[in-house]
Amino acid sequence: MWNREVETMRRRDMDALQLERLQRTVKRVYDTVPFYRARLDGAGITPDGVKSLNDLRRIPFTVKDDLRDHYPFGLFAAPMREIVRIHASSGTTGKPTTVGYTRADLDMWSECVARLVTMAGGGADDIAQIAFGYGLFTGAFGLHGGLEKIGASVIPMSSGNTEKQIMIMRDFMSTILVSTPSYAMYMSEALEEQGVKKSDLKLRIGLFGAEGSTEEMRRQLEHRWGITATENYGMSELVGPGVSGECTRKTGMHINEDCFIPEIINPETGETLEYGQTGELVITTVLKEGIPLLRYRTKDITRLIPEPCACGRTTMRMAKIQGRSDDMLIIRGVNVFPSQVESVLLGMAHISPHYQLVVSKSGYTDVLEVVVELEDDALLDSFGQLETLEKSIKHKLHVVLGLDAQVRLAEPKTIERSTGKAKRVIDLR
Ligand code: ADP
Ligand code: ZN
C-alpha cells in the first residue's frame, strides 16, 4: 500500500478526519467565494454550524452549471498567485469548466494517484506509457504526477498515433498502459495488424479510465493484451483521475476518502440514499484549496460499498459506473444505458467490441438501432448465418433492455475508432 495509515484507517478515525477537513473547507469557501457564501447563507448554514458529518446533508448541491455561470475563475478559493496549474474539462456539452490547483492541490493529486497505481500492482520498476491526451484535459497529467511519485518511468506519449504507440511500447518495454478502455481495445486491433504479438511486449497492467466499460470489456482487454486490467475514476471538476481506483481484487474502486466524501442521492428528488443503493454520486472535496466543491453532483450513476475489502483496505468503494445520468436514454419510456447494450454484445461470438446506439423518431415513436460490427469477413457471404446472428442479438437485447431494438450488422472496421473517449450514442431525436 502506498499510504497504509489512510488506506486502512478505522471508520471512526476516518469520520473524524473528514469532519475536521469538511469544517475547514466550508469555512474557506464561505470566506473567499461569494457564490458559496450566498448559497450557504440562503440555506442558513454558517461555517460554525457544521458539527457532524450529518450536517453535510443540509448543504445545497453544486452543479456543473454553477461552474459554467462563474466561468472561468469565479469559484476559485485561492488567489491567482497561489494557483500553479489550470485545467479544463473536455467541454463536450458546452463551455468548458475550469479548475485551478495550488501547489498543495498538485501534491494531493499525485498522492491520490500514487495510491491507485500501487493498489493496481504498479511500482518503481514499471515503465508507464501514458496514452491519454496531454493538455487541458486532466487525464494525462494526473496519472503522470502519481506515476512519477511512485518512481515509475513515465513515457508521456499522449493519445493518438497508434502505430507509434505500439512501436514505443515494444522498444521501450512498457509495462503499464494508461488509456481509455476503448482506445486500449483499438490499439489491440492495431497490434494484430502490425503483426506484433503480445509476447513481443512486456505489458502487464492496464490503468483504464475516463469512460465507462463493462466486465466483458475488461475480460477482452485482459485476454487480448495478456494483462491485469484495472479501472480508475475521476473528473476534472473534482481533481481529474485519482478520486478512486481498483485494487487487484477488482471489486469496486477504493475512494480516496480523506480527500473526497462520497454520497449517493436519488437524482430526481435529491434525497440521500443508504449505502448499497444505486443513484447519482455526489462528492464533496475536503482537501482542495484551488477550487473546493461542496456536494458536487457528478451525474454518474453508481452505488457505494462500505465493507472493508479483502485486500485489507478499509476505504469505501464505488461500483462500476452504470452510466451518466445524461447518457441515460429514455426510449419509449424505458431507461436504457449504453453499458447494458455493451454487456450483451461483448459476450457474443463473431462481433467486435465496437458498437453504437442510434436513436431516432418514427412519427411519435422512439426507435433504437444498435449498430454492431462484425469481427471479420467470415460471415459476410452467409446470409443465413448473418440472419441467425442478428436474431440472437435482438433476442438478447430484448431480455436485458425490456424493449425491441433494431439491429444493424456493419462490416468489419466501419465503426469509427476513438483515441480518447468513445462515442457510443447518436441521438437524432
Ligand atoms: P467531461 O465531463 O468534459 O467528459 P472529464 O474529462 O473530467 O470531463 O470526464 C469526467 C467523466 O468521465 C466522469 O464524470 C465520468 O462520467 C467519466 N468517467 C471517468 N472515469 C470513469 C470510469 N472509470 N467509469 C465510467 N466513467 C468514467
Ligand atoms: Zn481492495
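**Exercise 1. Determine how helix 10 passes helix 11, and describe their packing.**

Solution. Helix 10 crosses helix 11 in a right-handed manner; a crossing is right-handed if the near helix is turned clockwise from the far one by less than a right angle, and left-handed if anticlockwise. Helices here are DSSP runs (H or I, at least four residues), strands are runs of E (at least two), and both are numbered from the N terminus. The model is predicted: local features need pLDDT of at least 70, side-chain atom pairs count only at pLDDT 80 or more, and totals for chains, interfaces and linings use all residues. Residues are numbered from 1 along each chain as its sequence is written, chains are lettered from A and ligands numbered from 1 in the order in which they are written, and side-chain values use heavy atoms, with hydrogens and water left out.

Next, take the geometry. Helix 10 (residues 338-345) and helix 11 (residues 383-401) pack at about 135 degrees, with axes 10 Å apart. Axes are lines fitted to C-alpha atoms, for helices over the stretch in contact, and angles run from 0 to 180 degrees between N-to-C directions. Helix 10 is therefore oblique to helix 11; angles under 35 degrees count as roughly parallel, over 145 as roughly antiparallel, 65 to 115 as roughly perpendicular and the rest as oblique.

Finally, list the contact (heavy atoms within 4.5 Å). Helix 10 contributes Gln340, Val341, Val344 and Leu345, and helix 11 contributes Ile393, Lys396, Leu397, Val400 and Leu401.

**Exercise 2. State the angle at which helix 2 and helix 3 pack, and the handedness of their crossing.**

Solution. The angle between helix 2 (residues 11-32) and helix 3 (residues 34-42) is about 110 degrees, and their axes are 5 Å apart. The two helices are therefore roughly perpendicular. Their crossing is left-handed. Among the residues in contact are Val26 and Tyr30 of helix 2 and Tyr36 and Leu40 of helix 3.

**Exercise 3. Identify the residues that coordinate the zinc ion (ligand 2), and classify the site.**

Solution. First, the donors (N, O and S atoms within 2.8 Å of the metal, or 3.2 Å for Na, K and Ca) are Cys247 (SG), His254 (NE2), Cys309 (SG) and Cys311 (SG), at 2.1 to 2.3 Å. Along the chain, their spacing is C-x6-H-x54-C-x1-C. The angles among the four donor atoms are 102 to 115 degrees, and the site is tetrahedral; four donors count as such if all angles lie between 85 and 135 degrees.

Notes:
Four donors count as tetrahedral if all angles lie between 85 and 135 degrees; four count as square planar and six as octahedral if opposite donors are over 155 degrees apart and all others between 65 and 115; anything else is irregular.
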